[in-house]
Amino acid sequence: MTNPFIQNPPYVNQHLAKRLQSAISKYGSLVIGVDYDNTLQDYNSKYFYEDITSLVKKAKAKGHTICIWTANTQPTVVKMMLAYQGIPYDLFNNSPIMNERRKPHFNILLDDIAGLNEAYHTLNYVLGD
C-alpha cells in the first residue's frame, strides 16, 4: 500500500536537497524524524505504507539516524509493530539534539501533515540508489 500523500511525478525541492547534502558532508549523516500514524502506518486500516517504510530502511542502511515520533497512546504497541515490520529506528519520541523547550531537531521530517510528498521525494533523491 502506498501513502496517499505521495504524488507522482516526484517533486524534489532542490534547495532542501542541497541543505541535506551539506549536512551529510559536514556531519556524516542526517537526523530523520518519522511520524508513525498515517505516515508509516494507516491509522484506520493498520496497513503499513511500503513507500515510506522502504525509504526509512534505506536511510538507516546508509547510516542515518531515525527518530520515530508519535502521539499514539500505546507506545509499546507501536514499538512492537515497528519490530514486526522490521522498521529500524534509533530513538523513539526523542531526538539526539533537544533544547530546553523540548523542541526536537531533525534535518528532515516525514509527516503526513507536514509536507510529506516534498520531504519523501527530496530525501529519496538525496539518498540515491
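Q: Which residue just after H4 takes a positive phi?
A: Gly128 does, with a phi of about 65 degrees, just after H4. Please note that the model is predicted.

Q: What about H2, which residue just after it takes a positive phi?
A: That residue is Gly63, where phi is about 95 degrees.

Q: Let us step back. How many helices and strands are there?
A: The protein has 4 helices and 4 strands. Along the sequence they follow the pattern α-β-α-β-α-β-β-α.

Q: Why is it described as being as compact as a globular protein of that length?
A: The radius of gyration is 14 Å, and the globule rule also gives 14 Å for 129 residues, so the protein is as compact as a globular protein of that length. The C-alpha trace spans about 40 × 35 × 25 Å along its principal axes.

Q: What share of the residues counts as buried?
A: Of the 129 residues, 40% count as buried. The accessible surface of the protein is about 7500 Å², and carbon and sulfur atoms hold 51% of that surface.

Q: And the contacts, what share comes from residues 24 or more positions apart?
A: Such pairs make up 75% of the contacts with a separation of 6 or more.

Q: Back to H4, then. Why is it called largely enclosed?
A: In H4, 9 of the 12 residues are buried, so the helix is largely enclosed by the rest of the structure. Among the buried residues are Leu116, Tyr120, His121 and Leu127.

Q: What do the buried residues of H4 pack against?
A: They pack against H1, S1, H2 and S4.

Q: How far apart are the end C-alpha atoms of H4?
A: They are 16 Å apart, which agrees with the 16 Å that 12 residues should span at 1.5 Å a residue.

Q: Which residues are buried in H2?
A: Asp51, Ile52, Thr53, Leu55, Val56 and Ala59 are buried in H2. The buried residues of this helix pack against strand S1 (31-35), strand S2 (65-69), strand S4 (108-110) and helix H4 (116-127). H2 has 12 residues and reaches 16 Å from its first C-alpha to its last, close to the expected 16 Å.

Q: Changing topic: how many salt bridges does the count come to?
A: The count comes to 1 salt bridge. Asp90 pairs with Lys60, and their closest N and O atoms are 2.7 Å apart. This pair links distant parts of the chain, 30 residues apart: Lys60 belongs to helix H2 (residues 50-61), while Asp90 sits in the loop between helix H3 (75-85) and strand S3 (91-92).

Q: What is the relative accessible area of Asp90?
A: Asp90 has a relative accessible area of 35%, so this residue is partly exposed. Lys60 has 28% relative accessibility and therefore also counts as partly exposed.

Q: Is Asn13 buried or exposed?
A: Asn13 counts as buried because its relative accessibility is 18%, and the cut-off for buried is under 20%.

Q: Which backbone nitrogen does the side chain of Asn13 reach at 3.0 Å?
A: The side chain of Asn13 reaches the backbone nitrogen of His15 at that distance. The backbone nitrogen of Leu16 is reached by the Asn13 side chain at 2.9 Å.

Q: Leaving out residues up to four places away in sequence, what does Asn13 touch?
A: With those residues not counted, Asn13 touches Glu118 and Thr122. Thr122 is one of the buried residues in H4.

Conventions:
Residues are numbered from 1 along each chain as its sequence is written. This is a predicted model: local features need pLDDT of at least 70, side-chain atom pairs count only at pLDDT 80 or more; totals for chains, interfaces and linings use all residues. Side-chain values use heavy atoms; hydrogens and water are left out. A salt bridge is a side-chain nitrogen of Lys or Arg within 4 Å of a carboxyl oxygen of Asp or Glu. Helices (H or I, at least four residues) and strands (E, at least two) are DSSP runs, numbered from the N terminus. Buried means under 20% relative accessible area, exposed over 50%, partly exposed in between (1.4 Å probe, protein chains only). A polar contact is a pair of N or O atoms within 3.5 Å; within protein, one must be able to donate a hydrogen and the other to accept it, and residues adjacent in sequence count only if both atoms are side-chain atoms. Contact means heavy atoms within 4.5 Å. The radius of gyration is taken over C-alpha atoms; the globule rule is 2.2 Å times the number of residues to the power 0.38. Accessible areas come from the Shrake-Rupley method with a 1.4 Å probe; for residues, only the protein chains shown count as cover. The expected span of a helix is 1.5 Å times one less than its number of residues.
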